[in-house]
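Please look over the structure shown below, which the report then describes with attention to a pocket and the helices around it.

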Amino acid sequence: MSQTIMERVAEAKSLVPAITPGELAAIIHRDDVLVVDVRDHNEVAESGMVEGAVHVTRGMLEFRADKTSPFHDPIFASDKTVILYCQSGGRASLCAKALLDLGFGELRYLGFKEWTENGGAVVKQAD
């Protein structure tokens, strides 16, 4: 049976909990936390990123996270708490579900808009 994208987002959100901006601010600098911006390059260029985050587009996430992939990035350790974010949380929740399917355990998602509206630190990339 097919699902709409919003049904898929709702399913992902039911499997992976959200994190509040305050909760993220309290743990963001821990060594066992990885914060990943899954937005497109143009979004990051326009609005910046959560301070301390890494940028991996949604299309490359599983390839960077999977240890068996030739594109694997060792920053993706399955013993880390991985926080994923996009503009409003929908794409991030889908990404969290994908990492759950790859065996990652501690996953959360967040919306960048919520982060910025609550005073979260943002850095812009140099041109």
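## The largest pocket and its helices

Helix H1 (5-15), helix H4 (61-65) and helix H5 (90-101) each give at least two residues to the lining of the largest pocket, where helices (H or I, at least four residues) and strands (E, at least two) are DSSP runs, numbered from the N terminus. This is a predicted model, in which local features need pLDDT of at least 70, side-chain atom pairs count only at pLDDT 80 or more, and totals for chains, interfaces and linings use all residues. Residues are numbered from 1 along each chain as its sequence is written, and side-chain values use heavy atoms, with hydrogens and water left out.

H5 supplies the largest share of the lining, five residues. By class, the lining divides as follows.

| Class | Residues in the lining |
|---|---|
| nonpolar (Ala, Val, Leu, Ile, Met, Phe, Trp, Tyr, Cys and Pro) | five residues |

Ala12, which lies in helix H1, is buried, with a relative accessible area of 1%, buried meaning under 20% relative accessible area with a 1.4 Å probe and protein chains only. Leaving aside residues up to four places away in sequence, Ala12 touches Ser93, Leu94 and Lys97, a contact being heavy atoms within 4.5 Å.

The buried residues of H5, among them Ser93 and Leu94, pack against H1, H4, strand S4 (81-86) and strand S5 (107-111). Just after H5, Gly103 takes a positive phi of about 105°.

How values were computed
Buried means under 20% relative accessible area, exposed over 50%, partly exposed in between (1.4 Å probe, protein chains only).
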